[in-house]
Amino acid sequence: MENQIEIEELIPPPALQEEDLPRDLPLLPVRDVVVFPYMILPLFVAREASVAAVEAAMAADQHVFLAAQKDQNVEFPGSEDLYQVGTIGVIMRQLKMPDGRLKVLVQGLARARVSDWQQDQPYFRVTVEPLDEAGGEEESPASEALMRSVREASEQILSLRGLLSSDVLAILGSVEEPGRLADLVASNLRLETKTAQIILEETGPLARLQKVHEHLGTELEVSTIQARIQSEAQEEMSKTQREYFLREQLRAIRRELGDADDRQRELRELKETLNKKRLSKEVRAEALKQLSRLEQMQPESAEAAVIRSYLDWIVDLPWSSGSRDRLDVKKASMILDQDHYNLEKVKERILEYLAVRKLNPKMKGPILCFIGPPGVGKTSLGRSIARALKRKFVRMSLGGVRDEAEIRGHRRTYIGAMPGRIIQGIKQAGTNNPVFMIDEVDKVGADFRGDPTSALLEVLDPEQNFAFSDHYLNLPFDLSKVMFITTANVEDTIPDALWDRMEVIELSGYSEEDKLVIAKEFLIPRQVTENGLKPEQIAFSAAAISEAIRSYTREAGLRNLERELGAVCRKAARKVAEGAPGPFRITAANLPKYLGVPKYLPEEERGEGEVGVATGLAWTAAGGEVLRVEVSVLEGKGNLTSTGSLGEVMRESAQAALSYARSRAKTLGLKPSFYEDLDLHLHVPSGAIPKDGPSAGVTIATAMISGLTGVAVREDLAMTGEITLTGKVLPIGGLKEKALAALRLGLGTMLVPAKNHRELSEIPAKARRKLKIVTVEHMDQVLELALVAKPGPKKPAQKAKKKAAPKTAKTAKKAPRARKGKK
């Protein structure tokens, strides 16, 4: 049978005289106990070496040498980890456990010292020499007094512990030898291993008994204090019960006298406060019901504290109190312009809300969603909106939140329950119509505790949030007057149901001209003030700011730019603190003295068009980026190789581009079977960064056809668009970000899908003036505009040399989420 416990009954060996004890014995290391002679105790044996030692002893005469470890945490002790003095013992019983361990019952026989270590594998085997008693001292009044003192102390300790019995008294009284009495008492004391080992190694009976007596005194003192503590605790419990009965009698006396205690006055004030607040019938009825329950409860009960906390939340929430909006559209527009540059689309939406609110005071609050790269001002824009509307501002971040109770709260049955963060924010604002910003809705997680985004559906739905029910309150609260603003960096991770409830406003990156203006008007004055400088002590030239934008930051927003400007101001502040007169003028020439070597080098200039190299545009969470697509044509067997951490979509775009080239082989002047004798190697530099998305289709096709035909691609042109097998160019997303990226690189022309022409108005006017944007519908148009010469049958195909990758860092290339017709 499985898990059967084997109990092996052993016949103890006959009692041996000390001189007859075996000298050659297996050694059994003992972790946390010292075995004394005549001591019987069980031991668990689990280590392989220890099990082998027990088995060796059982195969012989059942004798084993028991030695304590110096450090019980050592798993595989060596000879230096064991005490040299131990006890010769005999195994009286052995029990095999289901998990392979052994439980043995051993009895100590005599002290002994290791004289020789014979082996250490697979178990220790030693030669021992029994230790003789240092001399049998004759009985004297002193020894008799010491033995009596030890017996009395032992009896007192056992009495304090409740373990004293007639059998124990008989055993203590029957031992007449000082050494044996010392061993008996020491084996039952709670001694540390080191202390017990000292007693074991003492060979003098009276000296050993004296050491045991010293430890008995300490143990007696500890046991006495422990007993007193237990007695005091029992008395304290009796005192608490007595106080409870007296308090109840006092309360009854006060009721008879008609005197109202403090609690009754507190409850009466709470009831008056509830009556004064403007509450709905449902809320008032529940509050009065809970107040009635509280009046009937003992104030010391746990449930009374829960109900009192619940009533405090009802009293503190602004059920019907709200702030008055500033409906002056011109004033609000001026405040928004003071705080933020550009962002006309957002400002226009806020002013429209104010205009409608002025005409229809009962309108519901809008639910906006700002989507854009980090650092473009989403959160600060929410603060400006609250200031323009003259409302309270509340912000909470959902980044990494995984518990639905963070939104809906915990039910009152849980210990330490509280309302969710929505109700907490409303209480913090003190009004029922604040501007409530919910940051990072694209970074919400989900696990076994629920999905917080599902809980947000009720909060952000204008048709439902007029009666939002928090689990803690379990009462409807009107959130329809709250102006909710959510923020996100990417839209891919936002669930469709939540996306559908929000009005999305995209905040794309800033152009270099925008950053220059913002730095002058907002960032530099703020950093000058925060670093303790005066405006006349430091001045930035426009060239220095532009250099900081180009060479020290690469972002769609402004966060890193402000950080770099702050670093310049800190270094100037240090010079002022050291006594430098100033003022300090920051120019493009001396900027590296403040910020060090430029972090980003400009894109490698392409003097002339290159064969097999095309410039594409990509959208990332940090804005638009430029990427080079390289294609090399090699002799081979028709294989297509792609490198550069390309995703599945980009590899499929490469296959589609090759199929298009094969279908147009005759028009392009290629042999119909050109692909059978050639290998194509597609590479996008910055191979450590993953890249994916369909918008690189036209770029890959252009680079591939350029390599196959030997016709170079224009160096001042960038392109974006998805390609089909028939050569159609499909629309893409992130057009504004890609246009700004092309403008940063200094390109003159940008090819975009014709179906994106409606989005051209979103590109800043300055960018449209500097960048020639051409719309294309078919790949034939792309080739006509991108290649320096028209490929044809008369031009033989040339093999292009593989170009070195541009020495610039790219961020992850990623296609935006297709929503509302955008690709």
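This is a predicted model: local features need pLDDT of at least 70, side-chain atom pairs count only at pLDDT 80 or more; totals for chains, interfaces and linings use all residues.
How many bridges join strand β8 to β13, and in which sense do the two strands run? Five bridges join strand β8, residues 367–371, to β13, and these strands run parallel.

- Strand β13 covers residues 483–488, and because six of its six residues are buried, the strand is largely enclosed by the rest of the structure.
- In a regular strand the side chains alternate between the two faces of the sheet.
- In β13 both faces are covered, with M483, I485 and T487 buried on one side and F484, T486 and A488 buried on the other.

**Aromatic pairs**

- A search of the whole structure finds five aromatic pairs, and one of them joins W117 and F124, whose ring centres are 5.7 Å apart and whose planes stand at 75°, so the pair is edge-to-face.
- Within this pair, W117 counts as partly exposed at 27% relative accessibility, whereas F124 is buried, with a relative accessible area of 8%.
- The rings of F674 and Y675 also form an edge-to-face pair, because their planes lie at 85°, with the ring centres 5.8 Å apart.
- Here F674 is buried, with a relative accessible area of 8%, while Y675 is partly exposed, with a relative accessible area of 25%.

**Charges over rings**

- R180 lies over the face of Y38, at 4.0 Å from the ring centre.
- The charged end of R412 sits over the ring of Y310, 4.0 Å from the centre of that ring.

**The largest pocket**

- The largest pocket has a volume of about 870 Å³, and of the 32 residues that line it, the closest to its centre are K345, E506, S508, K736 and E762.
- The elements that give two or more residues to this lining are α11 (344–359), β14 (503–506), α17 (512–530), α24 (735–745) and α25 (765–770).
- The largest share of the lining, four residues, comes from α24.
- Sorted by class, the lining of the largest pocket holds twelve nonpolar, five polar and 15 charged residues.

Conventions. Residues are numbered from 1 along each chain as its sequence is written. Side-chain values use heavy atoms; hydrogens and water are left out. Buried means under 20% relative accessible area, exposed over 50%, partly exposed in between (1.4 Å probe, protein chains only). Two strands pair if DSSP finds at least two bridges between them. Rings of Phe, Tyr and Trp (its six-membered ring) pair if their centres lie within 6.5 Å; planes under 30 degrees apart count as stacked, over 60 as edge-to-face and the rest as tilted. A charge sits over a ring if NZ of Lys or CZ of Arg is within 6 Å of the ring centre and within 35 degrees of the ring normal. On a 1 Å grid over the protein atoms alone, a cavity is a set of points where a 1.4 Å probe fits but cannot get out, and a pocket is an open set with protein on both sides within 12 Å along at least five of seven lines; lining residues have an atom within 4 Å of a point. Grid points are joined across faces, edges and corners, and a volume is the space filled by probe spheres set on the points. Ala, Val, Leu, Ile, Met, Phe, Trp, Tyr, Cys and Pro count as nonpolar, Asp, Glu, Lys and Arg as charged, and the others, Gly among them, as polar.
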